[in-house]
Amino acid sequence: MTHADGKRSTGPLAEVPDRSGRHAVVVGGGLAGTTAALALADAGVRVTLLEGRPRLGGLAFSFRRGDLTVDNGQHVYLRCCTAYRWFLDRIRGSALAPLQDRLDVPVLDVTKPEGRRLGRLRRDALPVPLHLGRSLATYPHLSLAERARVGRAALALKGLDLADPTLDAQDFGSWLTAHGQSARAVEALWDLVGVATLNAVAGDASLGLAAMVFKTGLLSDPGAADIGWARVPLGELHDRLARRALDSAGVRTEVRTRVTSVSVDGNGGWSVQVPGETLHADAVVLAVPQREAYDLLPEGALDAPRNLLEIGTAPILNVHVIYDRKVLDAPFLTALGTPVQWVFDRTEASGLEGGQYLALSQSTAQGEIDEPVAVLRERYLPELRRLLPRTRGAEVKDFFVTRERTATFAPAPGVGRLRPGARTKAPGLCLAGAWTATGWPATMESAVRSGVGAAAAALGALGRSRGRLPDFFEEAA
């Protein structure tokens, strides 16, 4: 590798293998960048992956806290997430993040007397939409009339055309109201799913994205919404196993390496500047957050680059509580009538040997993301005592929070017109990230799809075959 002045570089990146063929640089080692790097390497391209952090995984990572390994936040996926499932297979991690045999979500309403609080959202082995019929008919958190109206709204939602651009300009809440959904139905059903998948309440979410979530997850295939989650720390999947897969594919991976500029070089290729060195590439994938992508984009690469700055962000707060004894038997639950949203048992995954470790995943946390830990402790421990009777006699051994202030892009009405595709106007420069135009909200699935789409665009620019890309490529691109 040489500097722009033609001198051989001598820094840590000088060890990049000088194999024949085209060279691609992927900037960013989250799920999007890792996916793009793997897909390009699988297609025979020499790849260098650069990540500014000391680890891979982006916003789905783990860290050490004493003897425990802690995820920064709880991440789940669904059976319909075919791209993320491909990624797990590709890094040989599927067995570590299994799916439920069948969708089953315990829903506790703390406003009801103990013993009458539990409802369940689960499916039967029947065709769509009958697979959810029994669950909806017996769901105790809605009246009989509300349940009937939910069924009618679901059928109307199923009839929407996701290719209709006007859906993006409408908000989901207004659509639900127009289709007879009460405030209680929105709280106890629509937002129960939507907040967790969109990171927005119905009134703040694009109808296009919400319709995509519900049509794909609940109304496409009987098993589409079965839930999967990692039974090991996320870093085991998204860093250790991902790095091993990258190494095996011949990708040169450099962490703690922040890119400062990307520009066209004099030979029709690309110069990627890192502190003290310049990498030369035939194609570049920017797999970084939208604001960072804006800062790195060369002039003319997008018609309206400032659109990237108009894509809002939304936070997620994670509350971590360690008790001296077991207080929850289920692997997870969700709740109504309380600030608590979703609660997951992370005891085994964290390495905790005594007691129980619960992680609360709090989406749409704009009002709480900067609250002091002491305030959050005073708020959430009493709520857990209301929700889980066995916590009342348990000792809290530890309480801490993790905050992702820009966890996702905000799925507001109109965001679809702001999300760019993988290809830019600059030949060989491609974009990846959950925020790009994948058709999905900001999920691990969207990130992986974007990485495949960017790899496809880069291969096209390099004149290489896309035949080795996973079979959801056309959808992703």
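## Basis

In this predicted model, local features need pLDDT of at least 70 and side-chain atom pairs count only at pLDDT 80 or more, while totals for chains, interfaces and linings use all residues. Residues are numbered from 1 along each chain as its sequence is written, and side-chain values use heavy atoms, with hydrogens and water left out.

## Helix α13

Helix α13, residues 373–387, has 15 residues and reaches 20 Å from its first C-alpha to its last, close to the 21 Å expected at 1.5 Å a residue. Its buried residues (under 20% relative accessible area, with a 1.4 Å probe and protein chains only) are L376, Y380, L381, E383, L384 and L387. Seen down the axis of α13, these buried residues fall within an arc of 165°, so they line one face of the helix.

On the other side of α13, A374 and E378 are exposed, that is, over 50%. The buried residues of α13 pack against several strands, including β14 (313–323) and β18 (396–409).

## Helices α2 and α14

Helix α2 (residues 82–90) packs against helix α14 (residues 444–462) at an angle of about 75°, with their axes 7 Å apart. That makes α2 roughly perpendicular to α14, a term for angles of 65 to 115 degrees. The contact (heavy atoms within 4.5 Å) is made by T82, A83, Y84, W86 and F87 of α2 and by M444, E445, V448, R449 and V452 of α14.

## Loop residue T436

T436 is found in the loop between β19 (429–431) and α14, and at 3% relative accessibility T436 counts as buried. Not counting residues up to four places away in sequence, T436 touches R419, P420, L431 and S450.

Terms used:
Helix = DSSP H or I, 4+ residues; strand = E, 2+ residues; numbered from the N terminus. Expected span 1.5 Å × (residues − 1). Arc of directions from axis to C-beta. Axes fitted to C-alpha atoms, helices over the stretch in contact; angles between N-to-C directions. Parallel < 35°, antiparallel > 145°, perpendicular 65-115°, else oblique.
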